[in-house]
Amino acid sequence: MKKAKTIIKLKDVWKTYTMGENQVHALRGLDLEVQEGEFLSIMGPSGSGKSTAMNMIGCLDIPSKGQVYLEGTNIADLSESDLAQIRGQKIGFIFQKFNLINTLTAKENIMLPMIFQGYTEQERHDQAEKLLKLVDLGERMDHRPNELSGGQQQRVAIARALAVDPSVILADEPTGNLDSKTGGSVMDFLKKLHKEKGTTIVMVSHDQHVAKHADRMEFLRDGQIVKKIK
Amino acid sequence: MLSEYLRLATRSLTRRKLRSWLTMIGIFIGIAAVVSLISLGQGMQNAITEQFFQLGADKITVATKGVETGPPGSNNDVLLQESDLDVVRRANGITVATGRLVEPIRAEFNDKERFTYVATLPDDMDERTMVKEVANVMDEDIVQGRMLKAGDTWKMIVSEDYVNDPKFDGKNLVVGNKVRVNGQPVEVVGIFAKTGNPFVDMSFVMNEEPVRNLLDIPVKQGLILAQVEQGADMSRIVEIVEKDLRKHRNVDKGEEDFEVQTGEELLDTFRTVLGVVTAVLVGIAAISLLVGGIGIMNTMYTAVLERRKEIGILKAIGARNEDVLLLFLIESGLLGMLGGAIGILLGIAFSKLVEVSATASLGTTLIQAHFPWYLILGSLVFSFTVGALAGTYPAWQASKLQPVEALRQ
Ligand SMILES: Nc1ncnc2c1ncn2[C@@H]1O[C@H](COP(=O)(O)OP(=O)(O)OP(=O)(O)O)[C@@H](O)[C@H]1O
Ligand SMILES: [Mg+2]
């Protein structure tokens, strides 16, 4: 087995929100490493800081204190533009609420990240069609998100996350808004992706059954990792 | 890449049709106003400059003071008379002087009645030549029939306008036709080429004597036209003529009821009036454009607020700040330009309408709409700029949004 390489590393990360007089610490000194090729799930009760942690991992947010390293580079040293570029290239997001753009069709939604990476028109079309077939939505290419079921929308979102062949997929409760059957098929798909393409996956969930699918589980409580399972 | 942004921007505009339309109203009213003003103003300026006064630098005119609504010389409040003309004739430095009558008349032909003007030619040969020169109706301009001769009575010549653009219920005039002028049949003996001077082109040109008899105006003079000695100082001659006329008419300096002008001065007066009118209207248009710009800004600002989530998504999937900025700028610029395009069409339609209705109701072709390419292009560029500028601040705000904050709702 080859030596695992660390893709993302969070070191003593704090996130503090100031609400008037009060200070809310969403994260209090979080330490976490994500290895290349692993399937990690982060569990924890509501309000424990899972989404906040996920945003840190995905460079969508900057810590109040502490460091985030992306392939060894401290993201604090990167400009906003660089960060966006890296995000677009290396990280694919799957959100709990799908977050598709409603004015665009399924296919256009998938093509969108490729625009910012300078793919040619032809490449965008080919890739989007390939991905839509992969998530079993070949027949629904020109449908708008509001013409699709929740499960179908989440599959479009997955296809979008895969559009630029990212090395990491970040999924924040990908099945949170789905019934157990469609949720199950989304999980199967992620597992297949991990197995067949070796994509690194970080998934947030508060559901034990869903989280079980991962290789490794971290447990979050009050903004800190509390114990390791498995 | 840019074309892709253009598509995205168009998409989001068409998805919010009603709001896009409402936003554009401000812009298109402003642009429509500017376009119609400039095209009409330009048209009038052209008409006046190129066609109205081909007086030449060596001629002066004497007319009664006051606002003239019709052709020069048709003002009836104060009369210039034969004796005034004699004073001008005798003035130092004047070689030839003549009077021109331009009188409104009723014309009947083919059972159709029209109101137009009759313009006169004097009998004296020198005077006649001068008037023909100024009016641009020379012997070689006759395209059918013959020139009006001194001594012709119930005869007239008319411009090609009466042939090409039939004015009597679709019937054009030909040589030999008899038109009733205030009841008196007058024969068309010749047709002259369009002069470009709308007043001349719509007038019946007759000899002075019969017109005086027909309209019963024995001594009235319309516009006095005089040729100045070669090489003479124009302003000095004007002063002399003014002095002589003041004495003859018994008025004090500064209280003249007449006006002596050179061709240049006449032009300048017209230009000044037109300039003021245009400036005022352009001011109104500018205010309307400003309001339109604020409208766009407001719409884009709401769009940014409304679409925080969309901006968050764009950023999460790799859009840089400048990408978001560009997207929103294109969108607001497009909104402005689209408004501008509609404004241009409306403006063109409006000025054409003014042109057509002025021609039909006033019988004048003085008001001509002109649409130079730079007006069209300029308006498009301008409205795009207004839109983009108005969208700059909201777009900049959009681009600054933190992805996490944008995604939260
Ligand atoms: N923008 C914010 N302003 C103030 N407090 C915030 C903000 N974002 C998060 N928090 C607080 O930080 C804590 C962690 O929030 P977070 O969204 O990470 O929880 P979570 O584990 O994802 O919960 P859930 O399972 O319900 O999604 C919560 O107490 C929340 O109230
Ligand atoms: Mg959450």
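Here is a friendly conversation about a predicted model with chains A and B.

Student: Why is B:Trp396 called partly exposed?

Tutor: Partly exposed covers the range between under 20% (buried) and over 50% (exposed). B:Trp396 has 44% relative accessibility, so it counts as partly exposed. It sits in helix α12 of chain B, residues 373-400.

Student: What makes B:Arg7 and A:Glu108 a salt bridge?

Tutor: The rule asks for a side-chain nitrogen of Lys or Arg within 4 Å of a carboxyl oxygen of Asp or Glu. The closest N and O atoms of B:Arg7 and A:Glu108 are 3.6 Å apart, and 3.6 Å is within the 4 Å cut-off, so the pair qualifies. Across the interface of chain B and chain A, 3 salt bridges are found.

Student: Which helices of chain B supply residues to the side that touches chain A?

Tutor: Helices α1 (2-15), α10 (308-316), α11 (321-362) and α13 (403-407) each give at least two residues to that side. Sorted by type, the residues there are 11 nonpolar, 3 polar and 12 charged.

Student: How is the size of an interface often expressed?

Tutor: It is often given as the accessible area lost when the parts come together. Between chain B and chain A, about 2,600 Å² is buried, and carbon and sulfur atoms give 57% of that. B:Arg11, B:Arg15 and B:Ile317 supply 23% of the area that chain B buries against chain A, more than any other three residues. In terms of contacts, 26 residues of chain B meet 28 residues of chain A.

Student: What makes B:Asp124 a cap for helix α4 of chain B?

Tutor: One of its side-chain oxygens lies 3.1 Å from the backbone nitrogen of B:Asp126. A polar contact needs N or O atoms within 3.5 Å, so 3.1 Å passes, and B:Asp124 caps the N-terminal end of the helix. Just after α4, B:Asn136 takes a positive phi of about 65°.

Student: Which residues of α4 in chain B are called buried?

Tutor: Buried means under 20% relative accessible area. In α4 (residues 125-135), the buried residues include B:Met130, B:Val131 and B:Val134, along with the charged B:Glu127, B:Arg128 and B:Lys132.

Student: And how much of chain A is buried?

Tutor: By that cut-off, 53% of its 230 residues count as buried. Chain A has 7 helices and 10 strands.

Notes:
Residues numbered from 1 in each chain as written. Chains lettered and ligands numbered in written order. Predicted model: local features only at pLDDT ≥ 70, side-chain atom pairs only at ≥ 80, totals over all residues. Heavy atoms only, no water. Helix = DSSP H or I, 4+ residues; strand = E, 2+ residues; numbered from the N terminus. Buried < 20%, exposed > 50% of the residue type's maximum accessible area, 1.4 Å probe, protein only. Contact = heavy atoms within 4.5 Å. Buried area = accessible area lost by both parts, 1.4 Å probe. Polar contact = N/O pair within 3.5 Å; in protein donor to acceptor, adjacent residues only side chain to side chain.
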